[in-house]
Structures are given as structure tokens and as C-alpha cells.
Amino acid sequence: MSVQDVHARVTRDNGWWAISVDEIPGLFSQARRLDQVEAMVRDAAGLLGFEVAGVEIVPTLDADTKEMLAELEQARQDAEEKQRAASNLTRQAIKRFRGEGLTLRDIASLVGLSQQRVSVLMKQ
């Protein structure tokens, strides 16, 4: 039995995902959900005498959907970057306030966190 990585090309069709795999001629299947595609590919490949090492799912999407997903990914990356910046500023503020002699309770009130969280961040 041949072992290989494959690309499962999936297209939405009447409530199903139609599946094809270029690397294995004749492998066609379908699944209700994307999380079922890999198992369907592995099962169908086995019936055709192939063993699959890895399955990369490649959805066929229209241009508007691709653009929306790209914008979503960019927004998530931007949010993660802003979260890292906010975390760094929070740590700086805690360090500064502690250096000025403020209590954990006062620091927690100022930065909008619990005393326990402030205590953990002070130790990092």
C-alpha cells in the first residue's frame, strides 16, 4: 500500500461537501461537515488501496468568501497584536505602581484586574 500526503479539494453542493483528491485518481466522496472530510478521505483511500499519511483540506470558495476570510484573519492578527501591547502596558503599569508603593488592591482598581491577577503578573 502506498502512503502519501494528499489534498482534499472540497466544494459545497446541496448541503454537502463534495470531495475529490487529485493524488488518488477516482477518489470522490462527500461529507456533511468539514470536520468529517479527513475520515471520509482516509476511508475512501483505503478502499482504493492507498494509505494516507496526511490530509490537507482545500475548500473551493467564491471570491467574496475568500476576501471575507482574509479580512477575518487580518482582524484576528491585529487583535492579537493589540492584546500583546495591552498586556505589556499592563505589566509596566503594575511595576510602576508597585514601585510607587501602591497596594495590590489599589493597583487592581487602577488597571481593572483582580488582585490575584495583579499578583501573578507581578511575579512574571
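## Salt bridges

Glu100 and Arg96 meet through their side chains in a salt bridge, 3.2 Å from N to O; the term requires a side-chain nitrogen of Lys or Arg within 4 Å of a carboxyl oxygen of Asp or Glu. Arg96 is exposed, at 57% relative accessibility. Here buried means under 20% relative accessible area, exposed over 50%, and partly exposed in between, with a 1.4 Å probe and protein chains only. This is a predicted model, in which local features need pLDDT of at least 70 and side-chain atom pairs count only at pLDDT 80 or more, while totals for chains, interfaces and linings use all residues. Residues are numbered from 1 along each chain as its sequence is written, and side-chain values use heavy atoms, with hydrogens and water left out.

The whole structure holds 4 salt bridges. One of them joins Asp22 to Arg9, with the closest N and O atoms 2.9 Å apart. Asp22 sits in the loop between E2 and E3 and Arg9 in strand E1, so this pair ties together parts that are 13 residues apart in sequence. Helices (H or I, at least four residues) and strands (E, at least two) are DSSP runs, numbered from the N terminus. Asp22 is exposed at 53% relative accessibility, and Arg9 is partly exposed with a relative accessible area of 33%.

A salt bridge also links Glu38 and Arg42, again with 2.9 Å between the closest N and O atoms. Both residues belong to helix H1 and are 4 residues apart, about one turn of the helix. Glu38 is partly exposed, with a relative accessible area of 34%, and Arg42 is partly exposed at 31%. Side chains of opposite charge can pair when their charged atoms come close.

## Nonpolar cores

The largest nonpolar core has 15 residues, of which Ile19, Val21 and Val41 touch the most other members. Such a core is a set of buried Ala, Val, Leu, Ile, Met, Phe, Trp, Tyr and Cys residues joined through side-chain atoms within 4.5 Å. Two or more residues each come from strand E1 (2-13), strand E2 (16-21), helix H1 (37-47) and strand E4 (50-59). H1 gives the largest share of this core, 4 residues.

Which residues does Val41 contact, leaving aside its neighbours within four places in sequence? They are Val6, Ala8, Ile19, Val21, Leu27, Val52 and Val55, where contact means heavy atoms within 4.5 Å. A second, separate core of 7 residues includes Ala93, Phe97, Ile107 and Ala108.

E2 runs antiparallel to strand E3 (residues 28-31), and 4 bridges join the two. Strands pair if DSSP finds at least two bridges between them.

Gly26 lies in the loop between E2 and E3 and is exposed, with a relative accessible area of 52%. Gly26 and Ala44 are 18 residues apart in sequence, and their C-alpha atoms are 9.5 Å apart in space.

## The loop between E1 and E2

Asn14 lies in the loop between E1 and E2. Asn14 is not a glycine, yet has a positive phi of about 50 degrees. Most residues other than glycine have a negative phi, and most peptide bonds are trans. Is Asn14 buried or exposed? At 73% relative accessibility, Asn14 counts as exposed.

## Nonpolar surface patch

Met68, Leu69 and Leu72 make a nonpolar surface patch of about 270 Å². Patches are made of residues with over 30% relative accessible area and no salt bridge, with like charges joined within 9 Å and nonpolar side chains (Val, Leu, Ile, Met, Phe, Trp, Tyr) within 5 Å. Accessible areas come from the Shrake-Rupley method with a 1.4 Å probe, and for residues only the protein chains shown count as cover. Leu69 lies in helix H2 (residues 63-99) and is partly exposed, at 40% relative accessibility.
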